[in-house]
Amino acid sequence: MLFDPALIQDPPAVVRPLEATPAPAPAWDLTLGMINATVMLDQPLADGARTVGTGFLIADEAADGTPRVLLVTARHVLDRMPADEMRIGWRVASEDGAWRFDPQMVSIRQDGEPLWVEHPLQDVAVIPITPPPTFAAAAMPIGWLADSATFDRLGVGPGDELYSLGFPQGLSANRAGFPILRVGKVASWPVAPVDAYPTFLLDFAVFPGNSGGPVFWAPAARRRPDAPTPEHPFIGGVLTQAVEVGGQTLGLAVVAHARFVRETIALLDQPRPSELAGTLPVD
């Protein structure tokens, strides 16, 4: 049975502190690690509906070396949220192993200006956040984002399996708000070079709420015979949309390559136009 966390009543105060949460998954288990790093994003709308998307956490360092946690999602997920705050679906564990859905509001705009940065060409957005300590520890290392050479080096191609996490139609795997794991095969060719083929297709059905979810490879996924074995798991991209023709969905997902997540993160440390406005010379 699937659950809509939005229907869950506000829980009572937390009895046990976050420090009681079990240790994060071992680094080698990317599937469980990605589940822990993936969260629901939502915002109520005026008509009683809500906008729902998926995001995942990446551990990075600012230009001055300060550690930071970044939320990655599809740009259109944030664009479609008109209010200045959204909910992030954190999850809290107790000593007996039970989990509780514990969403919190975070700012996505200040004085009407977006707090996220977005890729100029691809449907990718990144926003720095301050998550609970257990989620900060669960953030995936930036080195596990695929770069321009990853697909070529590993021979990624049609028939290779990749996993994806998300919240289709705003549903979660259980009342604790964990994402739903899906698997699909690479359905397009070629997938490299990235400059020529910035997106690729996966063969599985996509629904509203899946947007922004991570697409990744883990050792349990099937690869074509004689394909190279990756030295470590990797995140291949961000799910951005479903393929539709004439209003009919084709059961295909469009994935923006992870290189564009790297490029978007790099934009965080560049001055924004509003910051440069006061530095322009006056004629």
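**Walking through the model**

Modeller: Let's start with Asp-42, which sits in strand β1 (residues 38–44); strands here are DSSP E runs of at least two residues, and helices are H or I runs of at least four, numbered from the N terminus. It's a predicted model, so local features need pLDDT of at least 70 and side-chain atom pairs count only at pLDDT 80 or more, while totals for chains, interfaces and linings use all residues. Residues are numbered from 1 along each chain as its sequence is written, and side-chain values use heavy atoms, with hydrogens and water left out.

Colleague: Is Asp-42 buried or exposed?

Modeller: Asp-42 counts as buried because its relative accessibility is 4% (buried is under 20% relative accessible area, exposed over 50%, partly exposed in between, with a 1.4 Å probe and protein chains only).

Colleague: And what does the Asp-42 side chain make a polar contact with?

Modeller: The side chain of Arg-50, at 3.1 Å. That term means a pair of N or O atoms within 3.5 Å; within protein, one must be able to donate a hydrogen and the other to accept it, and residues adjacent in sequence count only if both atoms are side-chain atoms.

Colleague: Switching topic: how many residues of helix α1 are buried?

Modeller: Seven of the eight in α1 (residues 30–37), so the helix is mostly covered. Among them are Leu-30, Met-34 and Ile-35.

Colleague: Where's Ala-83?

Modeller: In the loop between α2 (75–79) and β4. Ala-83 is partly exposed, at 36% relative accessible area, and its C-alpha is 9.1 Å from that of Ser-107, 24 residues apart along the chain.
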